[in-house]
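Here is a short note to read beside the model. Please keep the structure open and find each residue as it comes up.

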Amino acid sequence: MNLKNLLLSLTFLLPIAVQAQSITPAQIEQFKSLPKAQQEALASQYGVDLTALGGVGQSTNQRPQPVQVIEPIRSPQTAESGNEPETKAETEETKKNGGLKPYGYDLFAGNPTTFAPVTEIPVPSEYTLGPGDVLRVQLWGKENRNLELPVSRDGSVSFPDSGPLSVAGLSFNEAREQIRNKVTEQYIGVQASVSLGELRSVRVFVLGEARNPGSYTVSSLSTLTNALFVSGGIRTTGSLRNIQHKRNGKLVGTLDLYDLLLKGDSSADNRIQPGDVIFIPPVGKRVGIGGEVYRPALYELKNETRLAELVQIAGGLTPQAYPQRVNIIRTNSDFLRVIAEADYTQPQGRNAQVQAGDSITIPSISDITGQYVEIRGAATRAGKFAWIPGMRVSSIIKDLDADLVPAADKRYAAIVRTNPNTDAVSVLNLRLREAITQPGSEYDLQLEEKDKILVFSDAGKISGGEGGGNYTRESLFAPVLQRLTAQAKPGAPQQTIRISGPVRYPGEYPLPATRSVADAIFVAGGLKDAASLQQAEVARYTTDENGIGQTQIINLNLAEAMAGKSILKLHSRDTILIKSIPQFAQTRTVTLSGEVRYPGQYTYRDGETLKDVLIRAGGLTDNAFPRGAVFTREKLRQLEARRLREAEERLQGDLLGVQLEGDNFGGQNAERVRQVESLLDDVQNSRPVGRMVIDLASVLSDEKYQSIRLQDGDALTIPTIPQAVSVFGEVQFPTSHLHEPSLTVDDYLERSGGPTRQADESRVYVVKADGSVMLPEKSAWFGGRSQQLQPGDTVIMPIDVDRLNQLELWTNVSQIVYQMALGAAAVGNL
């Protein structure tokens with residue numbers, strides 16, 4: 001709440017003497033939130049009776065409600081660019097100074113929310129009373145009373161039944177003793193307890209580089225820092241080290257906030273009096289210090305400052321500091337930025353004078369340079385360890401379970417070694433389990449200075465949220481392979497190989513030191529069970545006598561190589577191909593269901609036919625209906641699904657064309673759109689079956705009938721003997737009817753209510769129980785349609801697509817309806 005709002009509230013209080021109800025309760029509560037002394041002063045100025053406000057100004061023992069005087073300033077990230085120009089400028093200044101922020105300004109990072117004085121400051125016993133203060137006196141004993149005695153302008157308090165008592169200029173202790181003595185003298189059997197109530201307010205001015213300069217009403221106990229807090233603090237352009245305290249135009253003191261912030265010294269934080277001015281001049285010379293100090297920031301210089309003093313102000317050097325080469329960037333006499341250095345370990349360097357605008361960086365010490373070995377990857381305690389001459393792998397990794405994560409590959413690890421003379425890297429393969437379980441053996445390799453032990457994760461052990469997924473051979477070997485590639489040169493070819501096929505971790509690897517195929521396979525995680533031990537191939541890049549590159553293929557007996565009997569040695573860039581056992585562990589199945597003696601999922605051998613598997617399944621039951629058998633194949637189902645999607649896309653395009661044409665056909669366009677949408681719905685709701693029409697009876701009994709060679713995923717469903725004939729399509733009541741030998745196609749159509757208006761009676765066709773279709777142009781009986789049907793047959797009445805003659809839909813719709821008829825018949829006969 002600001003002063004303007006208060007005065008506005010008081011304008012509503014003016015008519016209270018005439019009509020108290022003209023002010024709202026909210027305005028009364030707003031006025032009540034002011035201290036009592038300020039209420040009385042404002043009410044006296046406007047001639048308002050405080051008793052008319054219902055309790056305002058009356059004595060109360062309640063604790064004053066806390067007033068939020070300061071609210072945090074919005075950060076640069078949340079401040080709006082249009083409303084926070086200062087914050088934006090500070091952000092730009094921070095970027096200009098390499099990310100360093102001016103030190104100390106965060107102490108006052110707040111905005112004032114009200115001009116109400118701070119009343120919760122503890123009152124010292126030596127506090128000097130003056131006009132506006134309120135003394136609270138509690139009488140008890142023979143007489144119990146609570147009194148509030150304001151100090152009037154003449155410096156006295158009006159004691160009941162006793163007259164005025166002068167207290168102005170007295171300390172609180174002195175006034176308390178006088179009041180106690182007065183009560184003891186005038187009231188027999190009565191004792192008094194004296195405390196301070198409301199304190200007088202003083203008005204001061206905060207000017208200069210304050211965040212919110214202006215006039216402020218604060219408590220009489222306030223100091224310079226209290227006033228700075230109320231005004232929102234100091235701008236980053238203002239000085240923290242030369243805050244001036246003025247009274248009647250004269251300088252009465254200065255405040256160096258660095259003493260408060262860095263030393264906790266508040267001796268210069270003087271009390272303020274009415275009319276005092278706190279003036280904040282522009283900031284003085286600044287210098288930035290960053291790097292390995294505890295408080296990197298921009299610091300304001302007060303006098304001549306040495307480098308040692310600045311480092312002390314910045315909190316001192318961190319343990320990671322390298323003080324021998326302190327970097328100083330400064331502006332020379334020609335206004336050019338130059339670099340200077342100082343050795344902080346020497347007196348001359350510590351006494352180097354710091355100049356305004358300097359940017360000082362304390363560098364860090366370098367990383368560990370020697371006398372170490374390192375573990376990377378799936379280890380419990382990865383990192384660098386002290387190296388001792390003669391130490392082995394078992395000296396660092398003592399227990400496979402305790403020192404490695406659960407997902408670690410405990411069989412294989414790698415040691416990356418750097419030649420100290422040439423900086424070239426090489427890789428040693430480590431049989432990790434043998435090295436740890438047999439310490440001191442040939443497997444427990446000796447480590448050299450700066451060796452890196454790479455511990456990989458085992459993909460077979462990683463599940464869910466377990467760690468180790470980032471420690472694959474590919475990820476840990478990537479920088480090593482890059483280094484091996486970079487250091488290759490004539491006479492020292494690239495020491496890498498590549499392995500593919502059924503190994504656990506195919507990929508590119510460093511060439512094993514032994515150059516054996518068995519070790520290369522061991523590095524790749526070993527062979528899978530699908531690997532063929534009969535033969536493998538090694539592709540080798542060579543050059544002929546003319547220096548032309550060529551590829552040589554070397555056949556290899558893998559079993560001998562794994563047994564160590566092969567004399568073949570690997571060369572740079574060799575590619576090892578491990579071949580798989582043909583059709584290894586491939587289980588091809590066919591599913592038999594329905595009226596089969598022993599239904600189930602059968603695994604068939606290469607070359608077996610459907611008849612062979614049916615014989616293994618015990619043949620058909622007595623209730624089987626071979627003519628209605630449904631034989632489906634996954635590849636056909638996928639093909640049908642693709643065709644249905646294509647037909648759907650074409651229909652959607654045709655539908656859009658009909659909608660865009662408008663009503664150009666005698667008002668029939670809406671009907672045509674509805675018909676095409678109906679066709680589209682049918683296509684979208686249909687499911688591909690993948691049915692292949694077969695004559696199962698001939699498959700089982702006719703030796704001349706083409707054998708059905710099986711494919712993985714085939715399925716045969718044999719229904720029971722049916723008794724119905726189904727009628728689908730554009731008829732009044734699509735349904736199934738009990739088969740009667742004497743009924744014809746027309747009879748069944750008539751029993752389904754006859755054709756609809758959209759029906760095409762000239763193209764009626766029948767889907768037989770075995771899935772075959774009898775079309776009009778292929779069967780003479782369609783002329784009279786007197787042909788008798790068999791159980792399981794389905795009569796299809798198609799839509800009259802010629803009615804949509806403005807569209808070229810016949811091809812699309814005929815394919816769609818044909819597919820739907822096959823699917824419907826297959827499902828209906830199961």
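**Notes on charged pairs and cores**

1. Start with Glu177. Glu177 counts as partly exposed, at 39% relative accessibility. The cut-offs are these: buried means under 20% relative accessible area, exposed means over 50%, and partly exposed lies in between (1.4 Å probe, protein chains only). Arg180 is partly exposed too, at 32%. Their side chains form a salt bridge, 3.4 Å from N to O. A salt bridge here is a side-chain nitrogen of Lys or Arg within 4 Å of a carboxyl oxygen of Asp or Glu. Both residues sit in helix α5 (residues 172-186), 3 residues apart, or about one turn of the helix.

2. A word on the source. This is a predicted model, where local features need pLDDT of at least 70 and side-chain atom pairs count only at pLDDT 80 or more, while totals for chains, interfaces and linings use all residues. Residues are numbered from 1 along each chain as its sequence is written, and side-chain values use heavy atoms, leaving out hydrogens and water.

3. Now the overall picture. The protein has 20 helices and 39 strands. Both are DSSP runs, numbered from the N terminus: helices are H or I with at least four residues, strands are E with at least two. Of the 830 residues, 41% count as buried.

4. Which residues have the most contacts inside the largest nonpolar core? They are Leu228, Ile234, Ile289, Tyr299 and Ile360, in a core of 41 residues. Such a core is a set of buried Ala, Val, Leu, Ile, Met, Phe, Trp, Tyr and Cys residues joined through side-chain atoms within 4.5 Å. Apart from it lies another core of 35 residues, including Leu481 and Phe522.

5. Look around Ile234. Leaving out residues up to four places away in sequence, Ile234 touches Tyr105, Phe108 and Leu257, among others. Contact means heavy atoms within 4.5 Å.

6. Back to the charges. The count comes to 29 salt bridges. In one of them, Arg325 pairs with Glu341, with the closest N and O atoms 3.1 Å apart. Arg325 lies in the loop between α8 (307-313) and β16 (326-331) and Glu341 in strand β17 (residues 337-342), so the pair ties together parts 16 residues apart in sequence. Arg325 is partly exposed at 49%, and Glu341 is partly exposed at 48%.

7. Two further cases. Asp606 and Arg588 meet in a salt bridge of 3.7 Å, N to O. Asp606 is exposed, at 56%. Arg241, Asp256 and Lys302 are linked in a network of salt bridges.
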